[in-house]
Amino acid sequence: MLPLEDYLVIDFSQFLSGPSAGLRLADMGARVIKIERLGIGDICRTLYTSNLIMNGESSVFHAINRNKESFEVDLKSEEDCEMVRELLKKADVMIHNFRPGVMERLGFDYQSVIALNPAIIYGEISGYGTATEWKNKPGQDLLLQSVTGLTSLTGNADSGPVAMGLSIVDMLAGAHLAQGLLACLYRKAIKNEGGLVQVSMMESAYDFQFETISTFMNDGGCLPERSKKNNANAYLGAPYGIYQTENGYLALAMGSIPQLGNLLGCEQLEDYVEVSEAFDKRDEIKTILANHLLSATTERWLSILEPADIWCADVLNWNALMAHDGFKVLNMIQEVEMIDGYKYETTRCPIRIDGELLTSSKGSPKLGQDNEKIIKEFITQHTTANA
């Protein structure tokens, strides 16, 4: 039995952040019902940058909404809103990620929902919080990366702001919401109390930078300076970075510069004996190192550095990674199937419980595919009981 079996989650959220929290709860056994707009559904079904269409919808929708049910409703219809209210009366958790004010207009804000179900745990993700002057700005990942300083940390010094190649703020906000919901579910199990869990993408992005922001705040407010070559962390000295080799790339973390010089046969590096030089002269050191590493293959350098316990790694693309035994042994890929028989491969939940993988063969739902079942189970029974 999975830890969250018998818990019911009603999920109004769209795109990535909220649905990623719902996915994590679903993977741990919760029943997650997506509330989707009549005729359109989650906007992520069609509106996304990926040009890969799978079974008529965007790839990201399938990846992040597997293992869920779809309840298609018109929230402008009082009859449909009443059906949703019946679901909320029986739910343990509700999730949404609309801008402040939207749920109030729809009648599903926190106060309205706890009037229906005082023990429900109400989770919401906003872009910038509910009290800032930015609260009505769009909570989109790239915009949040940009406004919170994240883009000033990636790339070399002369690269300008560089965004991460993932919707990292969406994923962080979803993870934080899931953490808060799980904490409140624990409290609910003990005290039968509900709760309000609020996460903003902006705060999640700040928390993500706790290490660098703490350094900045206690370093006289001096802005971090990325190295001019092979930058990987603005606050770390040489050799920290990714370097090109004769046939690929090599990642190097922290390490003694003279030791590296000795191991790699690079006499110039052996001259940097002061520990402080690794940071103060990092561009100089990285230039020497970068030029030297071009003289042999990645495999050659790894065969020297790894036995010496130097922190280093090959730099793999997905093809190389998935062909590697180190990836295969994890069984990170699972096949799921939609109601119409369409099958696709995707990642599994990364969590193991009691040594067991959390997998599910249930793919993403077709829009409204579960309406009949949900109405019969939650709505018709209530109507009959009250007749």
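## Packing, aromatic pairs and backbone features of a predicted model

The buried residues of helix H8 pack against E7, H6, helix H7 (168-191) and strand E8 (195-200). Here buried means under 20% relative accessible area, exposed means over 50%, and partly exposed lies in between, with a 1.4 Å probe and protein chains only. A contact means heavy atoms within 4.5 Å. Helices (H or I, at least four residues) and strands (E, at least two) are DSSP runs, numbered from the N terminus.

This is a predicted model, in which local features need pLDDT of at least 70 and side-chain atom pairs count only at pLDDT 80 or more, whereas totals for chains, interfaces and linings use all residues. Residues are numbered from 1 along each chain as its sequence is written, and side-chain values use heavy atoms, with hydrogens and water left out.

### Helix H8

Helix H8 comprises residues 201-208, and its buried residues are Met-201, Met-202, Ser-204 and Ala-205. These residues lie on the same side of H8, because they cover an arc of only 165° around the axis. The arc is that of the directions from the helix axis to the C-beta atoms. In general, an α-helix has 3.6 residues a turn, so residues three or four places apart point the same way.

### Overall description

The protein contains 16 helices and 15 strands. Its C-alpha trace spans about 90 × 50 × 40 Å along the principal axes. Of its 387 residues, 44% count as buried. Among contacts between residues at least 6 apart in sequence, 69% join residues at least 24 apart.

The protein exposes about 20,000 Å², of which carbon and sulfur atoms supply 53%. Accessible areas come from the Shrake-Rupley method with a 1.4 Å probe, and for residues only the protein chains shown count as cover. The protein has 33 positive and 52 negative charges, whose mean positions are 6 Å apart. Lys and Arg count as positive and Asp and Glu as negative, while His and the chain ends are not counted. Each charge is placed at NZ of Lys, CZ of Arg, CG of Asp or CD of Glu.

### Aromatic pairs

A search of the whole structure finds four aromatic pairs. Rings of Phe, Tyr and Trp (its six-membered ring) pair if their centres lie within 6.5 Å; planes under 30 degrees apart count as stacked, over 60 as edge-to-face and the rest as tilted. Two of the pairs are tabulated below.

| Pair | Centre to centre | Angle between planes | Geometry |
|---|---|---|---|
| Tyr-110 and Tyr-122 | 5.5 Å | 70° | edge-to-face |
| Tyr-342 and Tyr-344 | 6.2 Å | 35° | tilted |

Tyr-110 lies in helix H5 (residues 110-116) and Tyr-122 in strand E7 (residues 121-126), so their pair ties together parts that are 12 residues apart in sequence. Tyr-110 is partly exposed at 22% relative accessibility, whereas Tyr-122 is buried at 1%. In the other tabulated pair, Tyr-342 is partly exposed, with a relative accessibility of 27%, and Tyr-344 is buried, with a relative accessible area of 5%.

Phe-61 is found in helix H2 (residues 59-64) and counts as buried at 0% relative accessibility. Leaving aside residues up to four places away in sequence, Phe-61 touches Lys-34, Glu-36, Asp-42, Cys-44, Arg-45, Ser-364 and Pro-365. Phe-61 and Leu-4 are 57 residues apart in sequence, and their C-alpha atoms are 23 Å apart in space.

Thr-130 is placed in the loop between E7 and helix H6 (141-147) and is partly exposed, with a relative accessible area of 44%. Again not counting residues up to four places away in sequence, Thr-130 touches Pro-100, Glu-124, Lys-135 and Gln-198. Glu-86 is 44 residues from Thr-130 in sequence and 27 Å away in space, C-alpha to C-alpha.

### Backbone features

The peptide bond from Ala-238 to Pro-239 is cis, with omega near 10°. Pro-239 lies in the loop between helix H9 (210-217) and strand E9 (241-244). Asn-230 also has its place in the loop between H9 and E9. Although Asn-230 is not a glycine, its phi is positive, near 55°; at 15% relative accessibility, Asn-230 counts as buried.

Asp-6, likewise not a glycine, has a positive phi of about 80°. Its place is in the segment before strand E1 (8-11), and Asp-6 is exposed, with a relative accessible area of 70%.
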